[in-house]
Amino acid sequence: MTRDQAEFYDALETRSADARAAAMAALLPRVVEGARALPYYADALAGVDAQAVTDPATLARLPVTRKSLLVGQQAERPPFAGLAPAAGIARVFASPGPIYEAQPDTPDPWRFARALHATGLRAGDLVHNCFAYHFTPAGFMLDAGACALGCPVFPAGTGNTEMQARAAAHLRPRAYSGTPDFLKTILEKADELGLDLSFLTLGHVTGGAYLPTLRAWYAARGMTVLQSYGTADLGLIAYESAAREGLILDEGVLLEIVRPGTGDPLPDGEVGEVVVTTLDPRHPLLRFATGDLSAILPGASPCGRTNRRIKGWMGRADQAAKVRGMFVRPEQVAEVLRAVPAVAKARLVVSLEGDRDTMLLRAEATAPDDSLAARLAEALQAATKLRGQVELVPPGGLPNDGKVIDDTRPVPA
């Protein structure tokens, strides 16, 4: 693998550890000062000496902001719980929960250009973007990153598989962006229709588990399909390079692995909750607990990028699950039960059929019938914006373990 500078997005990716630490020491105080100006942090950071917060150790003394609590906090202080500035906002989104996010009015605000560059995209490459542009920010996240690279984007959105395949055959994009499994669905539909999509050689996937079987399927077709990890709140967190050895941290974040349910950092190599600080003084998030599990990998990537790496997504520290690129939370299962009072207890089982995420709502019912199952399925789709099946079980048929969402999908190696 060559290591000429053209391979990298910018010089930040190949900095020495000392240079990166020095830059962090200069930037972190400005980030903390920027956070102090936001209503959410005004009380939490009262008495904090921003100039003393210069490294991960001092940052770890600050309180954690939990994504899992944002629904309630935003309801108390709409629309953003005081986490977004009053000015400099281009768009507002509503992700499942609901959680409302503000898009900063800056180029590539979620910083995905770096990840797309590592996948192999270069200026002029047409990107077939299959993330949603409606309500949630995913479509705009990848769109903005591609535009920052000088790549035109076809905003394909989700669904309509045959139309996706026919449009791709006509436009001949070099790259796909979307969830890991939907690219396979499009390619199989193109094969069925006799359409040639051999020019589609690159893929950048996120928003779901990228399993080894699916990775092998794309490789057998001669495609380079790499993944990244990010959230609507934080933007890009980490991304895969051609080395395919873990996910490299984005230069715009500081990541900690903490003991789940706490803010206590864990030693490298131990699995814990991902906590992220964005390094933008204008739009800071301090110690944002994602609810995801991961671990730090030792050493640096063989590709020449020097930032730290994580193993990737290794499960949830809470009971929320990401299904087809969208989070499903226990609060949404409770919303289903409120909509159908005849059911007092339910469990959402998330599983994998082939390469596709599936949901099964198992609900206890004293008088089960088809109409009850239909109402539950309708309420589930209304609450989560995703389709799922329903199974009615007798009272006492669900385990008494407090679990509302049971994610049975295998964790990628």
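## Close-up views of a predicted model

**View 1. Surroundings of L45 in the largest nonpolar core.** Leaving aside residues up to four places away in sequence, L45 touches V32, A35, R36, L62 and L286. The model shown here, as in every view below, is predicted. L45 belongs to the largest nonpolar core, which has 38 residues, and it is listed with Y41, L62, L255 and I310 as the members that touch the most other members. At least two residues of this core come from each of the helices α1 (17–36), α2 (39–44) and α4 (70–76), and likewise from each of the strands β9 (235–239), β10 (247–249), β11 (253–258) and β12 (272–278). Helix α1 supplies the largest share, namely five residues. Another core, of 24 residues, lies apart from this one and includes F140, L142, A175 and L236. In soluble globular proteins, nonpolar side chains tend to be buried together.

**View 2. The salt bridge between E251 and R20.** E251 forms a salt bridge with R20, and the closest N and O atoms of the two are 3.0 Å apart.

**View 3. The salt bridge between K67 and D233.** In this view the side chains of K67 and D233 meet in a salt bridge, with an N to O distance of 2.2 Å. K67 lies in the loop between β1 (65–66) and α4, and D233 lies in the loop between β8 (224–231) and β9, so the pair ties together parts that are 166 residues apart in sequence. K67 and D233 are both buried.

View 4. The side chains of E192 and K189 meet in a salt bridge at 3.3 Å, N to O. Because E192 and K189 are three residues apart in helix α8 (residues 180–193), they are separated by about one helical turn. E192 counts as exposed, because its relative accessibility is 58%, and the cut-off for that class is over 50%. Salt bridges that share partners also join D10, E13, R111, R114, D250 and R305 into one network. The structure holds 25 salt bridges.

View 5. Strand β18 (residues 346–353) and strand β19 (residues 356–364) run antiparallel and are joined by eight bridges, with V350 standing opposite M359 in β19. In the hairpin that these strands make, two residues lie between the strands, and G354 takes a positive phi near 65°. With strand β20 (residues 389–393), β19 pairs in the parallel sense over five bridges, and the bridge partner of E364 in β20 is V393.

**View 6. The protein chain as a whole, for orientation.** The protein chain contains 11 helices and 21 strands. Its radius of gyration is 22 Å, close to the 22 Å that the globule rule gives for 413 residues, so the chain is as compact as a globular protein of that length. Taken along the principal axes, the C-alpha atoms fill a box of roughly 65 × 60 × 40 Å. Of the 413 residues, 52% count as buried, and the accessible surface comes to about 17,600 Å², of which 55% belongs to carbon and sulfur atoms.

Conventions. Residues numbered from 1 in each chain as written. Predicted model: local features only at pLDDT ≥ 70, side-chain atom pairs only at ≥ 80, totals over all residues. Heavy atoms only, no water. Core = buried A, V, L, I, M, F, W, Y, C linked by side-chain atoms within 4.5 Å. Buried < 20%, exposed > 50% of the residue type's maximum accessible area, 1.4 Å probe, protein only. Helix = DSSP H or I, 4+ residues; strand = E, 2+ residues; numbered from the N terminus. Contact = heavy atoms within 4.5 Å. Salt bridge = Lys/Arg side-chain N within 4 Å of Asp/Glu carboxyl O. Rg over C-alpha atoms; globule rule 2.2 N^0.38 Å. Areas by Shrake-Rupley, 256 points an atom, 1.4 Å probe, with all protein chains shown as cover. Pairing = 2+ DSSP bridges.
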